Amino acid sequence: MRSIIPRVDAFLESGHVASPAALDIYRVVLCCYVLTSLPYGLWTADVPEFMYAPPISVVALSASQPPTSLLVAANVVAVASCVVLLAGRSMRAASFVLAGALVAIRSISFAQGKISHDILIVIVPVVLGAVGWGRSAGSGERRPVPISMLAVIIGLWMAAGGLLKLASGWLAPGSSATEYHTIINFFGVERRTALAEFGLDHFPGFVWEAADWGTVAFELLAIVVVWHRRSFLPWLVGATFFHVGILFLLEIDFPTAPMAYLAFAPFDRLPRRVGDALARPAVVAVLGALALAVGLAGASEAVDDAVVLLAPVVAIGFVWSTRRQLVR
Amino acid sequence: MEAPRPALVRRLVFVATIGIFVAGAGIAKIASEPYPAIWAPGFEAPVDDSAYVEPLITFEFRDGTTHTVESHELLDGFPDSNHGRMMGAFLPLELDGPRPSGWAHSLFPGYQHGRFDRAERVDEVAAWFKERAVDMFGSGDLATVSVEWIVRDINTSDVIESGGTYAVDYPEG
């Protein structure tokens, strides 16, 4: 135990770090993404009371559906805290308020029992808010910001999925859970993707079985690679492709996962003029307003798909730009 | 020598995070997945992978016309990822039962509220079906609405059997 504690300390302090300049850019990217997803959950206003069946959650403390006004208020708070974060003011408080608003919004939206596993979009502002999101270059604070806890949480998040699959029998020979869920998704939920149609018609059994084993192995690998930057960053690149595969096969997107992975991107390696532009309040204000307009126009699904599809390109670009540090 | 304060805080957060993860797993094991939790979707393997169940919703009107729709049509306007859970409100009433009195249901009065005592809410369901009938077909003069759960072969989609029916009758007058 005594030899583990110093290693854990070292990992938490410097295992994964981000520069303040990189986090400044990421903060703008993340807040704009969150704004495109707002307002969130307003469809629940039309859900009849008899469908109220929340999971164990704060909402479940009430025996009846929360009023829509509460959901609207939480959305307004989320928008306001994004604006404050974009402005670079009270970043710690705004981060925590944003996370709380997002949890409230989702808790209400999940009140029929369906949980969307996008907790990472809540975790990111909590973790980065706690470490101060870095400071702007103008303040002179240039120390790398430790973000190892975010890596640990991403690893746990993904490995949890793998453990659930393992425990429920994904690796049992003679049947394929990937094929089963593809069929359910195709015929039951009517998400008829081209890859699913092709796969159901042409994939032999060993391909589906390989998908089962590959999925479980990849997800469990998360908690193994998280402890070393040289293994975690390539795994993140693989994860972006993993999410693209899920989108193509099942038409299920997890845009909040690639958005969380971007916290590890070396945004400070972008051309200097990009960072300079994003440091200008007018530019940030325009971007934020555009993002909010996208959200109000109901185009968040298109944004989500674009995030998932572009993530591998962005991830490869960033890892390529830091390949010398990874190899050293 | 004592560790500096930031290192202590990081250790506490690290341990607390592991604890939150384990607690979430524990709650999921003994009750069901809570929210929030550090949890990616499991897409658990089915107990029986030879079949799947599909609801078929039939609106019968007093003038003799009948309309059959699928769940995505009935729940049009709601995200399709939620349709499965929402359709749980229309499982056969033979599967209905009283709300359990375990710790989870006692501490959280709303937990799985709509999944139990469904027979007491048939009037609410009838009123909602009537609204949907007006929206979809222009008439609310219903005789019966039924949701039949069809069990189909996973490979051929052939009907194997009926998994039961949830039905709402509309008395005349």
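A:L120 is placed in helix α5 (residues 120-130) of chain A, helices being DSSP runs of H or I with at least four residues, numbered from the N terminus. The model is a predicted one, in which local features need pLDDT of at least 70 and side-chain atom pairs count only at pLDDT 80 or more, whereas totals for chains, interfaces and linings use all residues. Residues are numbered from 1 along each chain as its sequence is written, chains are lettered from A in the order in which they are written, and side-chain values use heavy atoms, with hydrogens and water left out.

With a relative accessibility of 1%, A:L120 counts as buried (under 20% relative accessible area, with a 1.4 Å probe and protein chains only). Leaving aside neighbours within four places in sequence, A:L120 is in contact (heavy atoms within 4.5 Å) with A:I153, A:I154, A:W157, A:T256, A:A257 and A:A260. The C-alpha atoms of A:L120 and A:H243 are separated by 14 Å, the two residues being 123 residues apart along the chain. A:H243 belongs to helix α10 of chain A and, at 2% relative accessibility, likewise counts as buried; residues up to four places away in sequence not counted, A:H243 touches A:W157, A:M158, A:F254, A:A257, A:P258, A:Y261 and A:V308.

Helix α6 (residues 148-168) and helix α10 (residues 229-250), both of chain A, pack at an angle of about 45 degrees with their axes 13 Å apart, where axes are lines fitted to C-alpha atoms over the stretch in contact and angles run from 0 to 180 degrees between N-to-C directions. The two helices are therefore oblique to each other, a class that holds the angles left over when those under 35 degrees count as roughly parallel, those over 145 as roughly antiparallel and those of 65 to 115 as roughly perpendicular. The contact is made by A:A151, A:I154, A:W157 and A:M158 of α6(A) and by A:F232, A:W235, A:A239, A:F242 and A:H243 of α10(A).

The axes of helix α9 (residues 205-225) of chain A and α10(A) come within 11 Å and cross at roughly 145 degrees. Among the residues that meet in this pair are A:F218, A:L221 and A:A222 in α9(A) and A:W235 and A:A239 in α10(A).

A:W235 touches A:I154, A:M158, A:F218, A:L221, A:A222 and A:V225, residues up to four places away in sequence not being counted.

Conventions:
Buried means under 20% relative accessible area, exposed over 50%, partly exposed in between (1.4 Å probe, protein chains only).
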